Amino acid sequence: MRLSSSLLLLAVAAPAPAGELRVHPAEVALSGPNRTQQLLVVEEDGGRVVADHTAAATFATSDAAVAKLDGARVTAAGNGEATVTATVNGRTAAAKVAAHGMDGPPQWGFTNHVEPVLTRTGCNSGACHGALAGKGGLKLSLRGYDPEADHFALTRQALARRVDLTNPADSLLVKKGARLVPHGGGTRITEDDADFNLLKDWITAGAPGPKDNDATLVRLEVFPKAALLKPKEKIRVIARAVYSDGTREDVTRWAKFGSSEELVAGVTEDGVVTVAGSGEAAITVNFGTRVGTVTVTSPYPNTVHANVFADAPRANFIDDLILKKLELLRLPPSEPCTDAEFVRRAFLDACGVLPPADEAKAFLADPDPKKREKLVDRLLEKPAFVDYWAYRWSDLFLVSSRKLPQPAMWAFYRKVRQSVADNEPWDRFARDVLTANGSNLAVGGGNYFVLHKDVAQLAEATSVTFLGMSIGCAKCHNHPLEKWTQDEYWAFANLFSRVGLKNSEKAGEVLVQSRTDGEALHLRRGTAMPPTPLDGKPLPADSPTDRRAYFVDWLTAPDNPFFAKAIVNRVWRSYMGRGLVEAEDDLRVSNPPTNAELLDALAADFVKNKYDLKRLMRQILTSAAYQRSSKPLAGNAADDRFYSRYLVRRLPAEVLLDAYSDLTGVPTTFNQVKSAAGDSTTPVASYPAGTRAMQLPDSLLQSRFLEAFGRPERVATCSCERTGDASVAQALHLNNGVTLNDKLRDAKSVVTAWVGGKGLTDAEIVDRVFLAALTREPTAAERKNFLDILADAAKDGPQARREAVEDFVWAVLTGREFLFNH
């Protein structure tokens, strides 16, 4: 489907019709003297804010004795209930206010009030008193993860001068912060700040410390949840904490704000969002141990006729949800790719190989309208599919002789490969690996524990591998970007504290078993936390239940919020070029997906269909979104994440090397394995001639080509190990390296057959190379250019003609069209 200029016009769309006037939050609970709540008056359309009218609104209260107003801020004045009404251009909206606890002085807690002040002002940041050694003699926990220690430091150390209970205004805590006395950290608060008075009131009340019965932070509410705005428009974000005792409190002034895409929408430290460009950004709101997000959407300056989306090809729910997002953003989808583009793309993405010339020609000539679906079915059953995905999962599981003896490495690889060949459901594969017992040579999945012997390393690797998230930062302190606390980290780690490893007399054999004792001790507390999955229910410490089995039951439960999404996102990225969450192993609240509805739907469908990876892949491959052209339109050229077109990407190192072997007819030899330190090599005879790079189980097999083109070392469980970036080393290797050049010069290469005896004509050579390498015929200009070059060379004899053919093949195989999947 081609988009005519009458359907796609680069112009600013007309203003949206008026929506519904609302006040956020609609219900306000004020729990004591001086408690306040900022109100937000907005216009909403379809669940998204389209305008912020707070500055233009007038406010009125039904009972000033309960709720008094200062502009858009309501403050508790007395116990009772009231209604605050906002008026904008004759339209009204209201919020209900309930105030209680007004009978005594203000009550400020250390954990829920003082610590947030110290965090917002930067006092406990890594650059100040939260540094490992503290600063100026005061050491606070980083971002307040240890309230007990912080309270002791502030009230007991330095001869208790930091807090003066007899004269609170003379306390160093407030005087230093306001710079009433010299302070290396500068002015953090002023005397007329609400936080200055909060600290004084807390000290006046006796500077109470953390208590066991203190209300704990349960969740963070953010208002609004979503906004649809144009560049230069602004909106205020409000954050409200909800505590375990039911208390709700405006924490906007203590929250930390950030943006996932500053070029789309930026945010000030006070939560004022300004739209800067087109696209979508997540405004992140951090408070305490909780994170919230606001999705800000700014459509592109295109006018796209509704028929463009209504008439766009749709194969399944993937297309429905992608087109829904594209229509919201006013991004026109590119037209479908050609059959030649599809067959090359699908072979490379599903199997890591180029389509054989005969198969490509047959596909291109086939008039069957269902031929693409049938091709996908054939690809998913090819041996090359098993090679490719066994290799991909071996990257994920770090299969390598770096930490595993050769027999163990092979056992782990065979387990991974067999699971791909059998299309083993992902939940069953995870259970097999994570509950493995017995010999690691007989039960290959047991090598997962041999690789990750340290309990903390095992917990972190498991969270990345199976949950798609990193919790490593929470090992030493609360996670700075996510909700995971240090306590939750060690509770999670304690699930893996009873894995026993025993060396056998047999070379490379380790016996993996579950023990009945053993604890992972909290790094700071020195005690064991109840073994608990992330956001799950704790297992009693004295339970006889195998902790690994308990974890796997939680992991593979249909309602697990992480497991299915993690693997779906990995597979999606492999085929679509970018994860719905990017990076693929960085799933967290503060890094939301570009299409959350699609990720939810894919994960739900994956679970519903029993974790069938091939079915998931088939859905992606047969979708119209996957089959779109990579050629950008004027209206979607800026899109790199909403799938309005296929995203071009360089072929993986192993795919390139195998393609060079296939196209030249000269296989690559793998006969040296590097030491773990990389300082020596050892001859190896395990890989017979013809072994493909994609069939190698070990990342330590020496290959300068694979190293130059980004093969992962399989040292750390991180997608960042593999790189697709171009480099000078790659250019030098293609120009001057031996890999491709030697293959072309080899006496057994296809070039020898083409130019010798009853070889091929120049025209046949050109056509054959283009079809085999690029899955297309050369254009008239390309054919003429290359034929002229070959004809001129032939005048100087057979050797000159051979060298010209080699140069021609080299030029095609090092060109951008060949090196990239499109």
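Predicted model: local features only at pLDDT ≥ 70, side-chain atom pairs only at ≥ 80, totals over all residues.
Local features require pLDDT of at least 70 and side-chain atom pairs count only at pLDDT 80 or more, whereas totals for chains, interfaces and linings use all residues. Residues are numbered from 1 along each chain as its sequence is written, and side-chain values use heavy atoms, without hydrogens and water.

A pocket is an open set of points on a 1 Å grid over the protein atoms alone, where a 1.4 Å probe fits, with protein on both sides within 12 Å along at least five of seven lines; lining residues have an atom within 4 Å of a point. A volume is the space filled by probe spheres set on the points, which are joined across faces, edges and corners.

| Pocket | Volume |
|---|---|
| Largest pocket | About 1400 Å³ |
| Second largest pocket | About 1200 Å³ |

The lining of the largest pocket comprises 41 residues, with Thr111, Gly144, Gly288, Thr289 and Asn478 nearest its centre. Helices (H or I, at least four residues) and strands (E, at least two) are DSSP runs numbered from the N terminus. Elements that each supply at least two lining residues are α1 (110-120), α2 (147-155), β17 (256-259), β20 (279-287) and α15 (486-493); α1 gives the largest share, six residues.

The second largest pocket is lined by 48 residues, and Thr293, Thr295, Pro592, Pro593 and Ala596 are the closest to its centre. Here β12 (217-223), β20, β21 (290-298), α6 (317-329) and α18 (596-608) each contribute at least two residues, with the largest share, six residues, coming from β21.
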